[in-house]
Amino acid sequence: MSGPTPDKIMQITTGGWATSILGSAARHGIFDALEGSPASAEDVAKKTVISVRGAQALLDGLAGLGLLTLSEGRYGNTPEASQFLVKGKPSYLGGMAQVFLEDFSTWQHMPDAVKTGLPVASNTTDIADNPFWHMLVPAIAALSFPVAQMAAEKLGIAKAGAVSWLDVGGGSGVWSAVWLGVNKQATGFQLDWEGVNKIGRGYVANFGVADRFKTIDGDFHSTDFGAAKYDFAVYAHIAHQETPADNLANFRKFRKAIKPGGTLVVNDFVLADDRTGHPFAMMFASQMLVATKGGFTYRQADYRKWLGEAGFPSVEIVATPTPSTLIFAR
Ligand SMILES: C[S@@+](CC[C@H](N)C(=O)[O-])C[C@H]1O[C@@H](n2cnc3c(N)ncnc32)[C@H](O)[C@@H]1O
């Protein structure tokens, strides 16, 4: 038989099942239990204190999704699961599946958001010190980790001496954790909500560099970033939640805050000018639609325009091995 098959549509239709299976497995520590020691459903149930019926359903689903191996009735982690789904590793992404699962009720109302163009989330991103961030920022740190490493290499942070930077909306503090780790003379400043900065200080402390991590509590819309104070600045996964006017205003404040010759690093889900790109980035406009009043997935041309207007004549756009893009503005 030739012609289209329903496979893709079925896979997309059951995407919520996959999120639920992964989020539940992360919540119950299935991958932690299997790391280094393949086990039967009965053993997994005992080890993670869940029902045998529940364990078997999860293990079937995870093996079907290609995250577990199955040999003679024993399940084991694939290399992917071992790297990204075992708790405690800096690359751990299981928390993201749990957060997405928590957010299902918002997505049920997406048809209304599509109709009106207005968010349907009760906890939109403009709410001060939104508890959603407390849950999200540790969960997404692993996504930024390799990107922060890549930017550090590109900017020569390790050998830059006693430099400092301002990370606006730094969240977990992952950028500072990585950069302070490679440069023992540097100081990292992070501007974020008070509750989030507290989480950031805890995360950065795990890397043994908390003494050089300084936090500034406040709303980045109304907080002054200072003048000619920092060698670098970071704006990671923030532009997408802002309106074009707010991004331009923030880029102007960055221009003033960065010393002459310094660099602003923007990290975000960025589309090509024809609105194509990584599938995650292409779906991300929907996340912004349901959760923000004016955020979106912006194009390279948008960033070039705002950065140019804000006084950054040189803009370099670099792809990363993740769904996000790096932009270096000078
Ligand atoms: C998507 S997270 C990005 C975290 C981090 N930059 C990263 O890339 O992993 C957005 C961050 O921006 C912070 N944020 C959002 N709106 C803010 C505002 N108006 N003022 C200060 N921080 C804000 C949130 O608390 C959260 O830490």
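To get my bearings, how many helices and strands does the secondary structure of the chain come to? And in what order do the strands of the open sheet lie?

Modeller: The chain's secondary structure comes to 15 helices and nine strands, counted as DSSP runs from the N terminus (H or I, at least four residues, for helices; E, at least two, for strands). Bear in mind that this is a predicted model: local features need pLDDT of at least 70 and side-chain atom pairs pLDDT 80 or more, while totals for chains, interfaces and linings use all residues. Residues are numbered from 1 along each chain as its sequence is written.

Now the sheet. Seven strands make up an open sheet with mixed pairing, in the order β5-β4-β3-β6-β7-β9-β8; two strands pair if DSSP finds at least two bridges between them. At the edges sit β5 (213-217) and β8 (315-319), each pairing on one side only. From one strand to the next, the twist averages 20°, with axes fitted to C-alpha atoms (for helices, over the stretch in contact) and angles running from 0 to 180 degrees between N-to-C directions.

Helix α11 (residues 174-182) packs on it, touching β3, β4 (187-192), β5 and β6, where contact has C-beta atoms, placed from the backbone, within 7 Å. The direction of α11 makes about 180° with that of β4. Helix α15 (residues 300-310) lies across β7 (258-268), β8 and β9 (325-329), and runs at about 150° to β8.

Stepping back, the C-alpha atoms of the chain fill a box of roughly 65 × 50 × 40 Å along the principal axes. An automatic or database assignment sets the domain bounds, giving domain 1 (7-87) and domain 2 (106-329). The centres of domain 1 and domain 2, taken over C-alpha atoms, are 32 Å apart.

Technical notes. Two residues are in contact if their C-beta atoms, placed from the backbone, lie within 7 Å.
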